[in-house]
Amino acid sequence: MTTHEFFVDMTCEGCSGAVTRVLNKLDVKFDIDLPNKKVFIESDKDTDVLLETLRKTGKTVTYIGPK
């Protein structure tokens, strides 16, 4: 399992809630660091799949890399 680090432009609990909703559908382990606007996803899924899923929130998403 690889842990991927993403920057997601979240400003509030509602934003992190949207991230939680889309990631729960993927069945992956994840951790949200709201103050630093980071999302850590533990998954063997392709990075593009994770990126596309996070973009469904409507937020700006950047892949930082494996952690």
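This is a predicted model: local features need pLDDT of at least 70, side-chain atom pairs count only at pLDDT 80 or more; totals for chains, interfaces and linings use all residues.
## Annotated span

The UniProt annotation "domain: HMA" comes from an unreviewed entry and covers residues 1–62. That span is 34% helix and 32% strand. Its end C-alpha atoms lie 20 Å apart.

## The aromatic pair

The structure holds 1 aromatic pair. Its partners are Phe 6 and Tyr 63, with ring centres 5.0 Å apart. The ring planes meet at 50°, so the pair is tilted. The cut-offs bear this out: planes under 30 degrees apart would count as stacked, and planes over 60 as edge-to-face.

Phe 6 sits in strand 1 (residues 2–8), while Tyr 63 sits in strand 4 (residues 61–66). The pair therefore ties together parts that are 57 residues apart in sequence. Phe 6 has 0% relative accessibility and counts as buried. Tyr 63, at 28%, counts as partly exposed.

## Around Tyr 63

Neighbours within four places in sequence aside, Tyr 63 is in contact with His 4, Glu 5, Phe 6, Thr 47 and Leu 51. Leu 51 is 12 residues away in sequence from Tyr 63. Their C-alpha atoms are 7.1 Å apart in space.

The contact with His 4 is also polar. The side chains of Tyr 63 and His 4 make a polar contact of 2.8 Å.

## His 4 in strand 1

His 4 lies in strand 1. Is His 4 buried or exposed? At 7% relative accessibility, His 4 counts as buried; the cut-off for buried is under 20%.

Its contacts reach several stretches of the chain. Not counting residues up to four places away in sequence, His 4 touches Val 39, Phe 40, Ile 41 and Ser 43, among others. The list also includes Lys 45, Thr 47 and Leu 50. Tyr 63, Gly 65 and Pro 66 are on it too. Thr 47 touches His 4 and is in contact with Tyr 63.

## Salt bridges

How many salt bridges does a search of the whole structure find? The search finds 2. One joins Glu 5 and Lys 38, with the closest N and O atoms 3.2 Å apart. This pair links distant parts of the chain: Glu 5 is in strand 1, Lys 38 is in strand 3, and 33 residues separate them. Glu 5 counts as buried at 13% relative accessibility. Lys 38 is partly exposed, with a relative accessible area of 23%.

Asp 9 and Lys 37 also form a salt bridge, at 3.0 Å from N to O. Here both residues are in loops. Asp 9 lies in the loop between strand 1 and helix 1 (13–24), and Lys 37 in the loop between strand 2 (29–33) and strand 3. The pair therefore ties together parts that are 28 residues apart in sequence. Asp 9 is partly exposed, with a relative accessible area of 31%. Lys 37 counts as partly exposed at 25%.

## Glu 42 in strand 3

Glu 42 is found in strand 3 (residues 38–43). Its relative accessible area is 30%, so Glu 42 is partly exposed. Leaving out residues up to four places away in sequence, Glu 42 touches Met 1, Thr 2, Thr 3, Val 28 and Lys 29.

Asp 9 is 33 residues from Glu 42 in sequence. In space, the C-alpha atoms of Glu 42 and Asp 9 are 20 Å apart.

## Helix 1

Helix 1 has 12 residues and should span 16 Å at 1.5 Å a residue. Its end C-alpha atoms are 16 Å apart, which agrees.

Which residues of helix 1 are buried? They are Cys 15, Ser 16, Gly 17, Ala 18, Val 19, Val 22 and Leu 23. An α-helix has 3.6 residues a turn, so residues three or four places apart point the same way. What covers the buried residues of helix 1 includes strand 1, strand 2 and strand 3. Helix 2 (47–55) is also part of that cover.

Terms used. Residues are numbered from 1 along each chain as its sequence is written. Side-chain values use heavy atoms; hydrogens and water are left out. Rings of Phe, Tyr and Trp (its six-membered ring) pair if their centres lie within 6.5 Å; planes under 30 degrees apart count as stacked, over 60 as edge-to-face and the rest as tilted. Helices (H or I, at least four residues) and strands (E, at least two) are DSSP runs, numbered from the N terminus. Buried means under 20% relative accessible area, exposed over 50%, partly exposed in between (1.4 Å probe, protein chains only). Contact means heavy atoms within 4.5 Å. A polar contact is a pair of N or O atoms within 3.5 Å; within protein, one must be able to donate a hydrogen and the other to accept it, and residues adjacent in sequence count only if both atoms are side-chain atoms. UniProt positions are given in the numbering used here, feature names are shortened, and annotations may be inferred rather than shown by experiment. A salt bridge is a side-chain nitrogen of Lys or Arg within 4 Å of a carboxyl oxygen of Asp or Glu. The expected span of a helix is 1.5 Å times one less than its number of residues.
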